[in-house]
Amino acid sequence: MNDNCLVKEETYPARFLSKLMMGMPLSEYARKLVTPFNVVAVIILCVGLPLIGLRFWKGLATVTHASNEYPWSILLGWGLFSGVPLSATGYVMATAVYIFGFKKYHPLVRLGVLTGFMGYLFAVIYLLIDIGRPWRIYYPMAVSFGPTSVLFLVAWHVATYLTVQLLEFSPAILEWIQARRTRKWAIMITVGMTIGGVILSTLHQSALGALFLMAPGKIHPLWYSPFIPVFFFISSIYAGLCMVIAVSTVAARYLREKADSPFLDSLDELTVGLGKAACAVMFVYFALRVIGVAHDDNWALLSSSYGFWFLTEVLLFVLLPCLVLTFGVKRNSATLVRLGAFHAIAGVILTRLNVSILMFNWNLPGHFHAIVPPTREVFIVLSIIILHILIFRWILNRMPVMREDPAYLEDRH
Amino acid sequence: MEKPVKDAGGGSERGGGKVGKATVNRRDFLRGMAVVGGAALLGAPSDAEALHDLTGWPDRMGMLTDLTECVGCRSCESACNAANGLPAPEVPFDEKSVFERKRRPTASAYTVVNRYGNPKNPGNPIYRKVQCNHCEEPSCASACPVHAYTKTPEGPVLYNKDVCFGCRYCMIACPYYAPAYDYESALEPKVVKCTMCYGRIKAGGIPACAESCPVGAITFGKREKLLKIARNRIRKFPDRYVDQIYGEVEAGGTSWLYLSGVPFGQLDYPTNLPRRPIVENTKGFLSVVPLVLTLWPALLGLCYTANRNKEEEG
Amino acid sequence: MKTKAVLTIALCWMVAITAAPYAGTEAPTARQAGSPKGKMPGTVLLGSLAKKYGPVKFDHEKHVGTAGSCDACHHQHGGEQAPSCGGCHTIDASSFRKNVQLGRIRPCRECHSASYNAGKLDRPTLSAAYHRACIKCHREVGSVGTDPKGCTEMCHENSAQAKTP
């Protein structure tokens, strides 16, 4: 008994460090850190992090072109409006496995939940950089309520959903730090959290679109529609599915040793399965976009230059990836499905950027000049992307996300 | 044991299940959920939610601006600057070269005057004063997640910098591009816009721009009265005025009313605004929230139970 | 009071000559024939609003020549802003033309209040009335690009300047 206590106290700091450095001695760990990707990452961070400091020291005007006509720029256009649908991985995978009972996708659940959690966390980080007084970010939750506002709903949901996703991911963290009893509790609430997550996601994915219902004349009519919330919600579903495909592809390629064989062996089959679901949703989404044009009888606008851009978005970045996915599914080719998935993700980013930035106030003079972000802002966004990737990789390297912790096999979740 | 059912529209107990046991066909459920979910999302914005015209506060004030009288002297800009303690402008107020390009209110100017060519009388250009129009149903107030805007009973729409956290959604929502933001400040950025001299009004005075206008182009008074005066003017001088009071019905109406000798579209006024307040566009969506909060747990819970049941059956 | 009588005569002349409603171009010729011009006010000091600026030195005599007719500025007859006939005349068909209740041209301040009047919103304040009357012809005073001179160069003396000799 005494011996055990002694051993535990003695090795606790060592255990902690060992967990952090994945069992490697410091010198070996430091050596392994120097990779081409890491070097580039550090360079970008060296430029971007000081710029973030500049933003807080000297104001938003120093790093953005945000103006009175164009209050939102890519900090939100990318970080919030693109980041959130790409973080739909959590609710999509959890629902598929725990609610709809597609048990075979179980290996991908944790990866999906982690991707989603990180995405929302970083959406908040982008927000903290972009809003005028970030120290007041909790005001809509606690100080002053504006319940007529869709943004009020978004604020509450992002805050709540972050918590839900953290709780959904907590079993992985708890397994890593070997807190068995807490983990048991965390598993019990999974189904509840999943249902809560779907409810919240339905509402805030569509709410991000509903935000723009307040600007009917200011968004180009081909993109503005009373159905924007539906478009955003449906596209978030296939965005989540494709993002799981994309992330699992990249993770399986670069972090292969952190995955176990159930994960790796089934990945191709699961990829095709996800692709099947994604292309079904994309067909629906494509039809919805056509309905959006028909509803307001905007066919004539398709022949304008903006119409050309609209057709590019809908045909080349929705219909085409959809067809690639369909083809991939029919041929049972995981590679084709992956290609389609990356393409579809690009399409989601494009449509979000179009609605929130590119087509906003399209009719004001100097429009194109105003929407090009300054280099400083680009570097800030790149830095945060790098941080996102680095933290994501850090977690994947250490926690049982793509593998099952053998200590918990009998109580798997 | 999936039994395909042909009429699976909202399939629950009617699905291919055994009588007496709540087994359900998974396909039916997904289909049924999609139908209900879709209907809920498309959310019929019923008339019950439609806002009535603002009928309370009959004594709310307005500002009637007669663009046929404005001579472009910029006394209103100068008076506004002085009355609100705004920083001195880069270009002085008697400098007329500012009219060479169109300006808009900024973080240091609540109002600006722009010049337009006058097709009816090329020697006499038309001048238009631009500022917050203090809408009857302000989009900014509806958009603000922290309720930083208030429509006062006196008419002006006021901004509260003590709760604003700078999301700038109000700037996205305003149909008149009125709010300006102070991006230069790191610690105290805020929205900047006309206040209709609320303090002066409460103290029994009139807004500085109306008081300073040397030709009386701006009339301050009760909005209802101003509408009557405006209609009267149009009736008496039909050749002088276009038969429209801008601000009477646009986006639910504004406190600031305009009369013009040329169509308002030629003076960069937004002409594509609906008559209903813009906030009504979001009411349909927001009304879906309680529906989703109620239906989703039930539907998803049912789905979960159905699947577990299925697994138990083997 | 002498001014009053002179102005009454001038008004009567105007009524006699101008048979039709406002037809500006003919009046000057007719008036110049036997016009009591010399007895009309010469320079008038419009000083009731001398707050920011000193009073305006208004050359009435010069303007009579260029104005065309009295009601170009004194819009008491015809024109767009004329008050109703009964405001000045007793309506008596037989003696309408000659029976003028108030036999004088009313000063602007009698109808246009110096300060904001919530009861008469459709009537410009005194300052606005002055400026509208002047700017009607002196469009360049307010118009930009054609006359860059400021208020103190065209008409007003700055209050500070007025105090210095």
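In helix α16 of chain A, the buried residues are Glu377(A), Phe379(A), Ile380(A), Val381(A), Ser383(A), Ile384(A), Ile386(A), Phe392(A) and Leu396(A); buried means that 20 or more other C-beta atoms, placed from the backbone, lie within 10 Å of the residue's own. The model is predicted: local features need pLDDT of at least 70, side-chain atom pairs count only at pLDDT 80 or more, and totals for chains, interfaces and linings use all residues. Residues are numbered from 1 along each chain as its sequence is written, and chains are lettered from A and ligands numbered from 1 in the order in which they are written.

**Helix α16 of chain A**
- The cover over its buried residues includes α3 (36-58), α4 (74-86), α6 (106-130) and α11 (228-254) of chain A.
- The 24 residues of α16(A) (375-398) should span 34 Å at 1.5 Å a residue, which agrees with the 35 Å between its end C-alpha atoms.

**Helices α12 and α14 of chain A**
- The axes of α12(A) (261-295) and α14(A) (334-358) come within 9 Å and cross at roughly 45°; axes are lines fitted to C-alpha atoms, for helices over the stretch in contact, with angles from 0 to 180 degrees between N-to-C directions.
- Residues of α12(A) that meet α14(A) include Gly275(A) and Met282(A).

**Chains B and C**
- In chain C, 19 residues are in contact with 21 residues of chain B, contact being C-beta atoms, placed from the backbone, within 7 Å.
- On the side of chain C that touches chain B, α4(C) gives the most, with 5 residues.

Methods:
Helices (H or I, at least four residues) and strands (E, at least two) are DSSP runs, numbered from the N terminus. Two residues are in contact if their C-beta atoms, placed from the backbone, lie within 7 Å. The expected span of a helix is 1.5 Å times one less than its number of residues. A residue is buried if 20 or more other C-beta atoms lie within 10 Å of its own, exposed if 12 or fewer, and partly exposed in between; C-beta atoms are placed from the backbone.
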